[in-house]
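Please look through the structure below with the report that follows beside it.

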Amino acid sequence: MSVWDVFWLILTTMAFVAYLMLLFMIVSDLFRDRETSGWVKALWVVALFIFPFITALVYLIVRGSGMAERQATDYKKIQDAQVSYIKEAAGTNAAAQISEAKKLLDDGTISATEFEQLKAKALA
């Protein structure tokens with residue numbers, strides 16, 4: 001086995017892995033899209049099995065921008081849910097933070113300006 005054979009094997013393996021990743025991205029995007037009907041999704045999947053390279057290219061050309069938007073929307077929802085869960089688990093909701101700041105203001109630990117800053121931060 002020559003050096004070129006090894007190089008060619010590595011190159012084709014990388015291309016195959018990249019193609020598999022692309023197929024998984026396309027199929028996951030198909031099932032993520034709530035606007036597309038089930039029949040259209042089924043046609044895309046069947047076309048991916050019958051004409052895999054052409055269908056993948058057509059899908060990327062026709063629906064590529066929508067893929068990025070759907071993925072960004074999903075990531076934003078996940079991030080918002082995570083932040084909400086962390087705040088809830090930590091017990092630091094806005095009302096609790098404001099009441100704690102009010103208690104500090106009443107005790108004279110912080111000034112009215114600092115209280116307003118804490119209140120604005122809690123409500124943000």
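## Confidence in the model

The mean pLDDT of the protein, where pLDDT is the predictor's confidence in each residue on a scale from 0 to 100, is 88, and 98% of the residues reach 70 or more. Confidence is highest in helix α1, at a mean of 93, and lowest in helix α4 (residues 94-107), at 84. Where pLDDT is low, the predicted coordinates should not be read in detail.

This is a predicted model, in which local features need pLDDT of at least 70 and side-chain atom pairs count only at pLDDT 80 or more, while totals for chains, interfaces and linings use all residues. Residues are numbered from 1 along each chain as its sequence is written, and side-chain values use heavy atoms, with hydrogens and water left out.

## Overall form

The protein has five helices and zero strands, so that from the N terminus on its elements run α-α-α-α-α. Both kinds of element are DSSP runs numbered from the N terminus, helices being H or I with at least four residues and strands being E with at least two.

The radius of gyration, taken over C-alpha atoms, is 26 Å for the protein, whereas a compact globule of 124 residues would have one near 14 Å; the globule rule is 2.2 Å times the number of residues to the power 0.38. Taken along the principal axes, the box that the C-alpha atoms fill is roughly 80 × 45 × 25 Å. Of the 124 residues, 17% count as buried, a word that stands for under 20% relative accessible area, while exposed stands for over 50% and partly exposed for values in between (1.4 Å probe, protein chains only). Among contacts, which are heavy atoms within 4.5 Å, those with a separation of 6 or more include 46% between residues 24 or more positions apart.

## Salt bridges

How many salt bridges does the count come to? The count comes to seven, where a salt bridge is a side-chain nitrogen of Lys or Arg within 4 Å of a carboxyl oxygen of Asp or Glu. One of them joins the side chains of aspartate 29 and arginine 32, at 3.9 Å from N to O. Both residues lie in helix α1 (residues 3-32), three residues apart, which is about one turn of the helix. Aspartate 29 counts as buried because its relative accessibility is 1%, whereas arginine 32, at 26%, counts as partly exposed. Leaving aside residues up to four places away in sequence, aspartate 29 touches Tyr59, Arg63, Met67 and Arg70.

Arginine 32 also forms a salt bridge with aspartate 74, in which the closest N and O atoms are 2.8 Å apart. Since arginine 32 lies in helix α1 and aspartate 74 in helix α3 (residues 52-90), the pair ties together parts that are 42 residues apart in sequence. Aspartate 74, with a relative accessible area of 25%, is partly exposed.

A further salt bridge brings together the side chains of aspartate 33 and arginine 63, at 2.5 Å from N to O. This pair, too, links distant parts of the chain, with aspartate 33 in the loop between α1 and α2 (38-50) and arginine 63 in helix α3, 30 residues apart. Both aspartate 33 and arginine 63 are buried. Through salt bridges that share partners, Asp29, Arg32, Asp33, Arg63, Arg70 and Asp74 are joined into one network.

## The surface

The protein exposes about 9700 Å², of which carbon and sulfur atoms supply 69%; accessible areas come from the Shrake-Rupley method with a 1.4 Å probe, and for residues only the protein chains shown count as cover.

Which residues form a nonpolar patch on the surface? They are Val46, Phe49, Ile50, Phe51, Ile54, Leu57, Val58, Ile61 and Val62, with about 990 Å² of accessible area together. The elements that give two or more residues to this patch are α2 and α3, and α3 gives the most, with five. Patches are made of residues with over 30% relative accessible area and no salt bridge, like charges being joined within 9 Å and nonpolar side chains (Val, Leu, Ile, Met, Phe, Trp, Tyr) within 5 Å. Isoleucine 54 lies in helix α3 and, at 56% relative accessibility, counts as exposed.
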